[in-house]
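This report covers strand pairing and helix packing in one model.

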Amino acid sequence: MRFLTVVGARPQFVKAAMLSRELRQRHEEVLVHTGQHYDDLLSDIFFRDLHLPAPDLNLGVGSASHAVQTARILERLEGVLQEQRPDCVIVFGDTNSTLAGALAAAKLGLPVAHVEAGLRSYDRSMPEEVNRVVTDHLSTYLFAPTATAVACLAAEGITEGVHRVGDLMYDALLATLPLVERREEELLRARGVERGAYYLATIHRQANTDDHGVLRRLFQALSFLDLPVVLPLHPRTLAAAREAAVLPGDNLRISEPVGYIEMLALERNARAVLTDSGGVQREAYFLEVPCVTLREETEWPETLKSGWNVLAGSDPARIVAAARRPLPLEAPERAFGDGRAAARIVEILERASPDGPNASSHHA
C-alpha cells in the first residue's frame with residue numbers, strides 16, 4: 001500500500017517517527033513536511049534525534065495567519081495528492097497542517113487516517129480545538145489514544161472506523177528512554193542543573209503568548225519559584241515577551257528550543273514541569289514527574305487523576321502552589337496503552353478493505 005503522511009510541527013515529528021518505522025517495513029510511505037515549523041531547532045533536530053526519514057517533499061509554507069497558512073498548505077498539497085494518489089492520507093494531532101491535510105484529502109475522495117482522534121478541550125476559542133473537531137468529522141479511520149477520546153467521539157455521533165490504539169508519544173518515549181538515560185548526566189551538566197533541583201517550563205499556546213497581561217503573569221509566576229527554571233522558548237513566545245516588555249526573574253534560564261532527547265532528559269529530572277503543551281503534559285505523566293498545566297482546561301484529563309497534573313491557569317499564586325505541592329502518593333494509571341500504538345495502527349490499516357475500515361472496533 002502507499003501512504004502519504006503529512007507533518008508540520010514538533011509533536012507530529014515524534015509521532016510520525018514511530019509510525020513511519022512500522023509502516024515502511026511492508027509499505028511505501030511518502031512523507032510530506034508542510035514547513036509549518038521550519039527552524040532547525042523546531043524541525044531538523046527532531047528528524048535527527050528520532051531517525052525520522054528525510055521528507056520526500058517540503059511545502060515550505062512558513063509562518064502566517066491561521067487562514068493563510070491553512071490555505072497555502074491546501075493549495076500546495078492538492079497537486080501532490082493528485083500526483084501520488086495514495087491509498088490513505090495520514091494526519092496527526094491538531095495543527096493547521098492536520099486540518100489542511102484532512103481537507104485536501106477529503107475533497108479528492110481519499111481516505112483520511114487521523115492519529116490522536118477524539119481529543120477535546122471543549123474550548124472553541126483554541127485554534128487546535130477547531131482543527132481536531134473538523135479533522136475527526138472528515139476522517140475514515142480515527143485512531144484514539146485513550147478510552148476518553150473514544151467516548152468523546154461517540155458523544156458526537158462518530159462510532160464508525162474508531163479504534164482505541166494507545167498513544168504514539170508513549171511508544172516514542174519508551175523507545176528513546178535508553179538513549180536519554182545514557183546522555184542525561186552530560187545534558188544536565190551542560191545546563192548547569194542537578195537532578196530534582198530545578199523546574200522545567202514551556203509556553204507556546206496562542207492564548208498565553210498573544211495576551212501580554214497573561215504572558216507577564218506567567219513569567220512572574222516562574223520568577224517566584226524557589227529553584228532555577230529552565231525555559232526553552234518557542235520563537236513566537238520570545239517575540240511576544242519582548243513586545244510585552246517582560247522582565248524575567250534571576251532564576252530563569254532562558255534558552256532556544258531543545259531537541260527531543262534533551263527535552264526528555266530535562267523533564268525526567270525536574271522537580272516539576274510547568275507547561276501549556278499537551279505533549280509535555282503526557283511526557284511528565286509517563287515519567288512520573290509532577291506537572292502544572294498553564295491553562296484552565298486540558299484535552300488529556302487522564303493526567304489529572306491522582307494529582308500528577310494540576311490545572312493552574314495564569315494565576316501566579318495558583319501556579320507557585322501547584323509547582324511546590326508534595327509528590328502524589330499513587331503511581332500514574334497506564335491509560336495510554338502499552339507502547340504498541342504504531343503496530344496496531346498499521347495492522348488496522350492493513351485489514352481495512354479498499355472501501356473503508358472494517359466494522360468499528362476498540363483495541364485496548
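In which sense do strand 9 and strand 10 pair, and over how many bridges? In this predicted model, strand 9 (residues 229–232) and strand 10 pair in the parallel sense, over four bridges. P232 has S255 in strand 10 as its bridge partner. Strand 9, helix 10 (residues 235–243) and strand 10 together form a β-α-β unit, which is right-handed.

These strands belong to an open sheet of six strands with parallel pairing, in the order 10-9-8-11-12-13. Strand 10 (252–255) and strand 13 (309–311) are at the edges; each has a single partner strand, so one side of each lacks a neighbour in the sheet. From one strand to the next, the twist averages 20°. Strand 8 and strand 11 run parallel and are joined by four bridges. Here T202 is opposite T275 of strand 11.

The two described pairings are listed below.

| Pair | Sense | Bridges |
|---|---|---|
| Strand 9 (residues 229–232) and strand 10 | parallel | four bridges |
| Strand 8 (residues 199–202) and strand 11 (residues 272–275) | parallel | four bridges |

Two packed helices are described by the angle between their axes and the distance between the axes. For helix 3 (residues 66–84) and helix 4 (residues 96–107), the angle is about 40° and the axes are 8 Å apart. Helix 3 is therefore oblique to helix 4, and the crossing is right-handed. The contact residues include I73, L74 and L77 of helix 3 and L99, A100 and L103 of helix 4. By class, the contact has nine nonpolar, six polar and no charged residues.

Terms used: Residues are numbered from 1 along each chain as its sequence is written. This is a predicted model: local features need pLDDT of at least 70, side-chain atom pairs count only at pLDDT 80 or more; totals for chains, interfaces and linings use all residues. Side-chain values use heavy atoms; hydrogens and water are left out. Two strands pair if DSSP finds at least two bridges between them. Helices (H or I, at least four residues) and strands (E, at least two) are DSSP runs, numbered from the N terminus. Axes are lines fitted to C-alpha atoms, for helices over the stretch in contact, and angles run from 0 to 180 degrees between N-to-C directions. A crossover is right-handed if, with the strands pointing away from the viewer, the path from the first strand over the helix to the second runs clockwise. Angles under 35 degrees count as roughly parallel, over 145 as roughly antiparallel, 65 to 115 as roughly perpendicular and the rest as oblique. A crossing is left-handed if the near helix is turned anticlockwise from the far one by less than a right angle, and right-handed if clockwise. Contact means heavy atoms within 4.5 Å. Ala, Val, Leu, Ile, Met, Phe, Trp, Tyr, Cys and Pro count as nonpolar, Asp, Glu, Lys and Arg as charged, and the others, Gly among them, as polar.
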